[in-house]
Structures are given as C-alpha cells and as structure tokens.
Amino acid sequence: MKPLETLIRPNVRRLKPYSSARDEYKGATASVFLDANENPYNDPVNRYPDPLQTVLKERLAPVKHVHPEQIFLGNGSDEAIDLLFRAFCEPRTDNVVAIDPTYGMYRVCADVNDVEYRSVLLDDNFRFRADDLLAAADERTKLIFLCSPNNPTGNDLERKEVYTLLDRFDGLVVVDEAYIDFSDLPSLATELDQRPNLIVLQTFSKAWGCAAIRLGMAFASPDIIAVMNKIKYPYNVNRLTQEHALEMLQRHTDVLQWINRLKEERSRLSEALARLSCVEHVYPTDANFILVRVTDAPAIYAYLVERGIIVRSRHTVALCGNCLRITVGTREENEAVLTALRDSGF
C-alpha cells in the first residue's frame, strides 16, 4: 500500500475541519449547555446529537469484533461511499475500478464526483479475477470496489481473489458487505489490523431490519476513519437513529433468529422457484435475495406488479438478461409470489 498521505486528495490533507460545539466540549459532566445556540425547550430532541456517536461505537465494536476507532457511522452506506470518493479521488484526474454487475451507487458517486469509473465484467458464473481488476488499474487508481455477497448476483466473491487484490493493489480496496450476515463466510472486518488498505462497509438496513433509520457502517484503520470524520457533515447521524441502533444492539438474539429464518426461507424459495415452468435458472445466493432467470422478465415483472407483488427487474443489467431479483420475505410473502408465478401462464 502507498503511504496513506499520498492517497488523500491534497485539499483534504490541508483542510481544517469544521469544529462543532459538541466537538469542542470535553471534560466534566455538564448540566447547562449554552454553547450551540440550541432551543432550551423540547428536551431531548432540542440538543444536537453526539457528532462521533461515541456510545454507539463502543457498544457496536464488540459485536463486530473491531475497535471503536475503526468505525465510521454514516447516513446509510451511501454516505461512506461518497466520502471515500471525496477524500481520495481528485476529480477529472483519478479513477476507481469496480466489478460489473454490482451495486449501482459506486458508479453514481463516481459520476457525481467527476471521477472516472472503470468496470470489469464478471465471468458467466459471476466470479472475478484479481488480475483483471489490476489490469484495469493504473497509477491514478485510488479505490477498487467489491461487493460480497454481490448485488444483484447474490454470490460471495472468492476470498482467494480478494486476498490477492489486497496484497497486490497499492491503493484502497473497499469490500461492501451489506449482505454478509446471510453468508457462511466471516466478515473481513476482523482482518483490519493485518490489512491497512482494506475498508469494509456494512449496514443496519438488511439483517438488522432497520432500513428506515439509515445507518451505515465503515470499518477501516483509525487513520482512514479519521480522514472520513474530517470531511463528514458535523451531525451526520441523528439522535433518533443512534438511540434506535442502541436498542437494536440489545436485540442481537432476535436479529440472529431473523437471519436463520430468512436463510431457511431462502432455501425453500429457491427450490420452489426452480420447479416453475417460467423459471429457466435460479442462481446460487449467499444474500437475502435470489436472482432468477425467467422466460420473459419484462412481461413477468409487469404481471407481478398487476398482482400487487413488487420484485426487481435486472433485465437491463450486464449479464442479467431476463433476470428478476426476488427478496426473501416472510413465508406468506414468498408463497404469494410463488402462487402468482404458478398461475401466470408464462
């Protein structure tokens, strides 16, 4: 890995971050707060939230087997993705490399930040080779994005190739693990101490059942986290989100039960889909969704919408022609989509 200072954009290196009132206050317990121009009424939401989410990170760290200083919390994983572009990629100069197909926000953030986006097509089994990504990179490549389990394909990326990329690429490798809780592979976040160029993204939206609170997580070296904190908005995670996340951490047993239930339903739904006449192939999945190649994706998607069932058409995505992505729901929801497809006549 190149020295981190050489990867950071020069203006970010020079930047003096905004210092909020809550950043500056340190010391003994206080009862009178007259430093942030807050309204003294309507307690507790009249007060600004902790800008660094200290308590939440301390509770989250042992669950994720990392240190609190290795955690960045943001407004969904999308905030962390955007911050990585803003911190490390010089517009119209640097570039990033990513697999294709994958999560669409990597390209959107590249376009928003005016950074060249180089995509490398997966093979027919949705696998990648580290050599292909390295061949697409050059001296101006700052970030390589991987998503494992990948979206929309659902498969875990081969760890051997991920390790090869981490060993040979001298920039930063971002591994998006939004669906890792549904995989049998362990998170790479536990390897941060050995891999300084690794950044792992996770979220409260999927396994934790908290998409509405918009809480994303990034795990990386303390130096990388410090750069992200330097340029984030001062109060990027609101108090209500922090409080709900703390409540969810006390329900970790419930979350594990949800995961097991969804994995059981995933197996049942995959097997049932494979028996349908309109389904040509059910792809293996390590996520909480199933990619299915059908006989006529646009027509079947429209038919399901008419029946009040919404799945995701991936028909126009690379390598996913005539594919639908079906999220694993409750037993009743899964039965609804199966019944509709059996009755469809396709």
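**Before you start**

Residues are numbered from 1 along each chain as its sequence is written, and side-chain values use heavy atoms, with hydrogens and water left out. Because the model is predicted, local features need pLDDT of at least 70 and side-chain atom pairs count only at pLDDT 80 or more, while totals for chains, interfaces and linings use all residues. Helices (DSSP runs of H or I, at least four residues) and strands (runs of E, at least two) are numbered from the N terminus.

**Stop 1: helix 4 and helix 10**

Select residues 54-64, which are helix 4, and residues 239-249, which are helix 10. Their axes are 10 Å apart, and the two helices pack at an angle of about 30°. (Axes are lines fitted to C-alpha atoms, for helices over the stretch in contact, and angles run from 0 to 180 degrees between N-to-C directions.) That makes helix 4 roughly parallel to helix 10; angles under 35 degrees count as roughly parallel, over 145 as roughly antiparallel, 65 to 115 as roughly perpendicular and the rest as oblique.

Now show the side chains where they touch (contact means heavy atoms within 4.5 Å). Helix 4 brings Val-55, Leu-56, Arg-59, Leu-60 and Val-63, and helix 10 brings Gln-242, Ala-245, Leu-246 and Leu-249.

**Stop 2: helix 6**

Next, pick residues 105-112, helix 6. Which residues are buried here? They are Tyr-106, Cys-109 and Ala-110, where buried means under 20% relative accessible area, exposed over 50% and partly exposed in between (1.4 Å probe, protein chains only). Look down the axis of helix 6: its buried residues fall within an arc of 105°, so they line one face of the helix. The arc is that of the directions from the helix axis to the C-beta atoms. On the other side of helix 6, you will find Asp-111 and Val-112 exposed.

What do the buried residues of helix 6 pack against? Their partners are helix 5 (76-88), strand 3 (116-121), strand 4 (141-147) and strand 5 (172-176).

Step along to Asp-114, in the loop between helix 6 and strand 3. Asp-114 is not a glycine, yet its phi is positive, about 60°. With a relative accessible area of 36%, Asp-114 is partly exposed.

**Stop 3: helix 12 and helix 13**

Move to helix 12, residues 297-306, and colour its buried residues Ala-297, Ile-300, Tyr-303 and Leu-304. Down the axis of helix 12, these fall within an arc of 130°, so they line one face of the helix. Among the elements covering them are strand 9 (289-294), strand 11 (323-327) and helix 13 (331-342).

Keep helix 13 on screen. The axes of helix 12 and helix 13 come within 11 Å and cross at roughly 120°, and the two helices are therefore oblique to each other. Here Ile-300, Tyr-303 and Leu-304 of helix 12 meet Val-337, Ala-340 and Leu-341 of helix 13.

**Stop 4: some loop residues**

Select Leu-276, in the loop between helix 11 (252-274) and strand 8 (279-282). Is Leu-276 buried or exposed? Leu-276 counts as buried, at 9% relative accessibility. Leaving out residues up to four places away in sequence, Leu-276 touches Leu-338, Leu-341 and Arg-342.

Finish with two cis peptide bonds. One runs from Asp-43 to Pro-44, with omega near 5°, and the other joins Ser-148 and Pro-149, with omega about -5°. Pro-44 sits in the loop between helix 3 (21-24) and helix 4, and Pro-149 in the loop between strand 4 and helix 8 (159-168).
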